[in-house]
Amino acid sequence: MTQIATVKRLVGQNQAEVLVQRQSACGHSCESCGGCGPESATRVTAVADNELGARPGDTVRVESESRRVIGMAIALYLVPFLLLFVGYLLATGPLGLGESGGFAVGLACMLVGFAANWLLDRHIRAARPVQFRIVEVLKP
């Protein structure tokens with residue numbers, strides 16, 4: 001996955017701290033819809049490999065590991081959603097709790113999915129954050 005970023009400062013020998021605009025599904029026209037919130041909330045600071053020698057203030061194209069990002073998105077969105085339905089189906093079927101009981105169990109399962117995502121996110125950030133690499137310094 002490639003994104004546009006701005007180099008904030010140099011960090012170490014061949015690394016730079018970059019400000020990356022988060023990708024969204026809506027096409028990035030946040031000014032027109034306001035759905036993403038303030039622009040500052042859609043920016044992420046990250047460290048990128050800087051083998052091209054980009055300098056603070058440069059606009060650059062960064063590349064990240066698409067496979068990891070897609071896997072994290074699946075965990076974030078799909079797991080709690082699936083747990084909601086599995087909990088509901090188990091509660092209304094084999095457990096015979098009825099519709100409101102199924103809703104309560106499904107909601108509890110979904111919350112467990114969110115908690116698991118939170119713990120997984122903390123583990124991933126501590127173990128190995130998403131790596132960015134500067135692949136192009138863009139012309140002003």
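Val7 stands opposite Val18 in strand E2, and E1 and E2 pair in the antiparallel sense over six bridges. Helices (H or I, at least four residues) and strands (E, at least two) are DSSP runs, numbered from the N terminus, and two strands pair if DSSP finds at least two bridges between them. This is a predicted model in which local features need pLDDT of at least 70 and side-chain atom pairs count only at pLDDT 80 or more, while totals for chains, interfaces and linings use all residues. Residues are numbered from 1 along each chain as its sequence is written, and side-chain values use heavy atoms, with hydrogens and water left out.

**Strand pairing**

- E1 and E2 form a hairpin with three residues between them; in its turn, Gly12 has a positive phi of about 70 degrees.
- E1 is also joined to E4 by five bridges, and these two strands run antiparallel.
- Within E4, Thr59 is the residue that Thr6 stands opposite.

**Nonpolar core**

- The largest nonpolar core has 12 residues in all: Ala5, Val7, Ala16, Val18, Val20, Ala46, Ala48, Ala54, Val60, Val62, Phe132 and Ile134.
- At least two residues of this core come from each of E1 (2-11), E2 (15-21), E3 (43-49), E4 (59-64) and E5 (132-137), and E2 supplies the largest share, three residues.
- Such a core is a set of buried Ala, Val, Leu, Ile, Met, Phe, Trp, Tyr and Cys residues joined through side-chain atoms within 4.5 Å; buried means under 20% relative accessible area, exposed over 50% and partly exposed in between (1.4 Å probe, protein chains only).
- Apart from neighbours within four places in sequence, Val18 is in contact (heavy atoms within 4.5 Å) with Ala5, Thr6, Val7, Lys8, Val44, Thr45, Ala46, Ala48 and Ile134.

**The segment after E5**

- Leu138 lies in the segment after E5.
- Leu138 and Val60 are 78 residues apart in sequence, yet their C-alpha atoms are 5.3 Å apart in space.
- With neighbours within four places in sequence set aside, the contacts of Leu138 are Ile4, Thr59, Val60 and Arg61.

**Helix H2**

- H2 (residues 66-92) has 27 residues and reaches 38 Å from its first C-alpha to its last, close to the expected 39 Å, a span given by 1.5 Å times one less than the number of residues.
- A kink of about 30 degrees lies at Leu78, shortly before the proline Pro80; the bend at a residue is the angle between axes fitted to the seven residues ending there and the seven starting there.
- Arg68, Ala75, Pro80, Gly87 and Ala91 are the buried residues of H2, and the buried residues of this helix pack against H3 (98-127).
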